[in-house]
Amino acid sequence: MSGPSRRAFLAKGALTVAFALSRGAAAQDADVLPALPGDLAKSPLLDSWIGVGDDGQVTVFTGKAELGQGLKTALIQIAAHELAVQPSAVEIVTADTARTPDEGVTAGSHSLQDSGTAILNAAANVRVLLADAAAWHFAIAVDQIDLRDGIAHAADGRTVSYGELVSGLSLHVAAKPNVPRRDGGAKVIGENLARIDIPAKVSGGEAYLQDMRLPGMLHARVVRGPSDGTRLKPADVEAVAAMPGIIQIVRHGRFTAIVADDEWQAVKALHRLQAAGWERAGEPLPTNGMRAAIRSMPARELEIFDYPGPPAPADAHTLQARFSRPCLMHGSIGPSCAIALWEDDSVTVWTHSQGVYPLRRALAELLGLPLERVRCVHVEGAGCYGHNGADDVAADAALAARAVPGQPVRLQWMREQEHGWEPLGSAMIVEMSASLGADRRIVGWQHDLWSNTHNTRPTTAGGLLAGTEMDPPFVPPKPQPIPMPEGGATRNSNPIYALPNARGTFHFVERMPVRVSALRGLGAQMNVFAIESFMDELAHAAGADPVAFRLAHLEDERAREVVQTAADRFGWPMRGRGTGFAFARYKNLASYCAVVMEVRVDRDTGEIQVPRVVAAVDSGEAVNPDGIRNQIEGGIVQSLSWTIREAATFDATHRTGFDWSAYPVLRFPAVPGRIDVHVIDRPKQPFLGAGEAAQGPAAAALANAVAHALGIRLRDMPLSPERIRAAFRPAPAAPRQAAG
Amino acid sequence: MIALSVNGQTHQVDVEPDTPLLYVLRNELALNGAKFGCGLGQCGACTVLLDGKPVFSCLVPVAALGNRKVRTLEGLASPDGKPGPLSIAFEAEQAAQCGYCIAGMIVRAQALLERNNRPTEEEVRAHLAPNLCRCGTHMRILRAVRRAAEMMGGGVRAVAEQKP
């Protein structure tokens, strides 16, 4: 688990050596080459992606990270397929600043699109080189060569292994564009290959960063107030330093960490320092709810989209509605953790960050080290679902390790620290207005959106919690909106429907009352919730069936097929009371996903049960259909938890959702009865990420099903039992927006 | 020194008596199965069996164990190293995403199926309620428990059978 040392890696020899020794120069060749697909454009050399050892062992290098989404297995499938080898003959090296290409952050459902596409094309290039080498070896034409299972077969029966062929071959060459895919032979892409990471996970193997035990490893805890914007009152640090097992209390400015021999001793010391009490360090938090605060703060108005069309006629029927989402937590089941080792004025950090390269830059600045003296190695942690505490804890561990050179330091946040300090998903408000013409079609559309930024991922020391605690502190970068077409808060605010006379405006609120950043899907879940709820409201006003109404405004053929497939598989025309439909194409660039949901709502308790869900998804060419189903099922359940249960809560001084009792999430008794996911495969079409496709449609399908069941439209998340009960028995003085 | 029995073996550990069992399992005995999730008994990632009953190992001080026998995920495998039926079923159903919660899920489900290998669907869900999964793998986890129940000679019933 500690990862092979650089020396052991180099000793493996063969083609990867050239890659490892010349990485620095490699990336600079990019600008002289023609356009290459995926991240090959950024790292065009074949040995950046594929190594073939003289024993025939294939190694795939990806700058993306396994987050539990099945990335490793899918990338192995892609390489094995194109190289005509067994998947078991392929090993994979993921995000490591010393070994893999810089592919930025593993986020936004980009991994298959960026890295998968690069590896597909790099492997096709390598296959062509191997076939050419075999033809030369046998002195026959290349069309007489058949590659299978790592062996080149000549038509006359002679064979030579890939391992023998690579001895005379350099992969330290740039990829060529437009190399054809392998045709015929054993199929690996499209198969439900079992995930390579699962056996260790179900048997107690070393599967996680949290399971790494390095020789002489020390344990550390970072010392902070209960949540962002607070600080601890001065404590008797001397007394705590004298507690048994405490090796050092590391302090820089306001940053404080405890390093101990034993983990429990570090925890006890932490509790003692926390007992001194805390105070708010920044401005008080808004007490009227984060949504109301965001809606009323100064905002910069940015045009999101403007679809032309004649103005709506004066007699058009116009509907207006406001939708909202509270701040949400990522809520990793395992609190963030990192291990750092400081040796010879260099630091190695084992991290579950989604972006080892950006993290490396931020750490180098924080620690005052040249970039080449910082190595970040990704090791899997608990699922993160976006920017959680992973980067911050890496910085905490690095600072602690600097105080004890030569000894690895494992620093893990406590549950309350993860709940208190992770950047939250931003609160959002969407106000919509649309008009129906005489033909019951949409003739005007306006989408107004208020939110903070959805990305404060660290690229500098100021983006790390520890950086802001230094003396003098590093300054966080000014928050910026992410531009379309991907968008941040604005993601999926541009409707996929063919709408005339449609405009979107983003009211970007720069000031952040609480720490926020990227949560899986960014603004997409909220925007799709709003658009797809509103489409149902419009369909209702038009007296149209919700599915037919969508199809009447939908031109994209693949979108139409996904909508129709979900409706057919569910048996939509025969639907009973309490069914809802919703559809979106993630970012209008990635996977298409439609969700049909059936609910039962208990009017007395306000509890929602979901007996049945049907989804259809088009992710382009399906590398591992079961992996896609797993992502879509997970996205639906996670989004149900967000939409039914979750809201970060605050008082004037701090976050009040400090653990799973104060921030409840969906548990087994409330998950759906069944979920059926239909994958529409599109062979040879580009890979489209699926990890964030279902969250928006699931949220809106739920809201539409609840509206269908109750005849009452709920537009504020969460659709909690309290809100549902209140909808039937409205309290006279009920506030417009709930706290949170 | 404190003595404890884990997966059929007796260990002597030199830790402070209030150290939670979870920390002993992970740091003294190098067992990976039980995970730190919350330290508060709210998520179930640390679930182990104490004399066959599922408990949150993050809440049990090691000195409070007495003679009770601890079983972890690792202890559900047969002596020759063959994984237990639940581990096999979870792999067969590909019932993991990040998988951080899965060890706790398996151990808690083991407690149920050892007691009753023909539970109802509702009983399974109620039994697993203390354990959180954040990736939304619940449907697969339920399928894996059904498959394991069948492997153990039983099965999960859709609804409670009518009493005569």
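pLDDT is the predictor's confidence in each residue, from 0 to 100. The legends below describe a predicted model.

Figure 1. Where pLDDT is low, the predicted coordinates should not be read in detail. For chain A as a whole, the average pLDDT is 93, and 94% of the residues score at least 70.

**Figure 2. Domain 1 and domain 3 of chain A.** The domain assignment divides chain A into domain 1 (6-197), domain 2 (209-280 + 330-421) and domain 3 (424-454 + 489-728). Between the C-alpha centres of domain 1 of chain A and domain 3 of chain A there are 38 Å. The contact between these two domains involves 18 residues of domain 1 of chain A and 21 residues of domain 3 of chain A. On the side of domain 1 of chain A that touches domain 3 of chain A, helix 4 (71-83) and helix 5 (111-138) of chain A each supply at least two residues. Helix 5 of chain A provides the largest share of that side, five residues. By residue type, the side of domain 1 of chain A that touches domain 3 of chain A comprises six nonpolar, 12 polar and no charged residues.

**Figure 3. The contact between chain A and chain B.** Chain A brings 46 residues to the contact, and chain B brings 48 residues. Two or more residues of the side of chain A that touches chain B are given by each of helix 7 (198-203), helix 9 (263-274) and helix 18 (625-644) of chain A. Helix 18 of chain A gives the most to this side, with eight residues. The side of chain A that touches chain B divides into 19 nonpolar, 16 polar and 11 charged residues.

**Figure 4. The largest nonpolar core and the surroundings of Cys593(A).** The largest nonpolar core has 274 residues. Those that touch the most other members are Ala79(A), Ala340(A), Ala397(A), Cys593(A), Val595(A), Ala615(A) and Val617(A). The largest share of this core, 12 residues, comes from helix 5 of chain A. Neighbours within four places in sequence left aside, the contacts of Cys593(A) are Val562(A), Ala584(A), Tyr586(A), Ala615(A), Val617(A), Ile632(A), Ala693(A), Ala694(A) and Pro697(A).

**Figure 5. The buried side of helix 4 of chain B.** Helix 4 of chain B spans residues 121-128, and Val124(B), His127(B) and Leu128(B) are buried in it. These residues lie on the same side of helix 4 of chain B because they cover an arc of only 90 degrees around the axis. Among the elements that cover the buried residues of helix 4 of chain B are helix 3 (102-115) and helix 5 (138-151) of chain B.

**Figure 6. The two assigned domains of chain B.** For chain B, the domain assignment gives domain 1 (2-75) and domain 2 (85-151). Taken over C-alpha atoms, the centres of domain 1 of chain B and domain 2 of chain B are separated by 20 Å. In their contact, 15 residues of domain 1 of chain B meet 13 residues of domain 2 of chain B. Strand 3 (47-50) and strand 4 (53-56) of chain B are the elements that give two or more residues to the side of domain 1 of chain B that touches domain 2 of chain B. Strand 3 of chain B contributes the largest share of that side, three residues. The side of domain 1 of chain B that touches domain 2 of chain B consists of eight nonpolar, five polar and two charged residues.

**Figure 7. Backbone details in loops of chain A.** Met484(A) and Pro485(A) are joined by a cis peptide bond with omega about 15 degrees. Pro485(A) is placed in the loop between helix 14 (465-469) and strand 21 (502-508) of chain A. Asn501(A) also lies in the loop between helix 14 and strand 21 of chain A. Although Asn501(A) is not a glycine, its phi is positive, about 55 degrees. Asn501(A) counts as partly exposed, with 18 C-beta neighbours inside 10 Å. A cis peptide bond also joins Met717(A) and Pro718(A), with omega about -5 degrees. The loop that holds Pro718(A) runs between helix 19 (695-710) and helix 20 (721-728) of chain A.

Methods. Residues numbered from 1 in each chain as written. Chains lettered and ligands numbered in written order. Predicted model: local features only at pLDDT ≥ 70, side-chain atom pairs only at ≥ 80, totals over all residues. Domains from an automatic or database assignment. Contact = placed C-beta atoms within 7 Å. Helix = DSSP H or I, 4+ residues; strand = E, 2+ residues; numbered from the N terminus. Nonpolar A, V, L, I, M, F, W, Y, C, P; charged D, E, K, R; others polar. Core = buried A, V, L, I, M, F, W, Y, C linked by C-beta atoms within 7 Å. Buried ≥ 20, exposed ≤ 12 C-beta atoms within 10 Å, placed from the backbone. Arc of directions from axis to C-beta.
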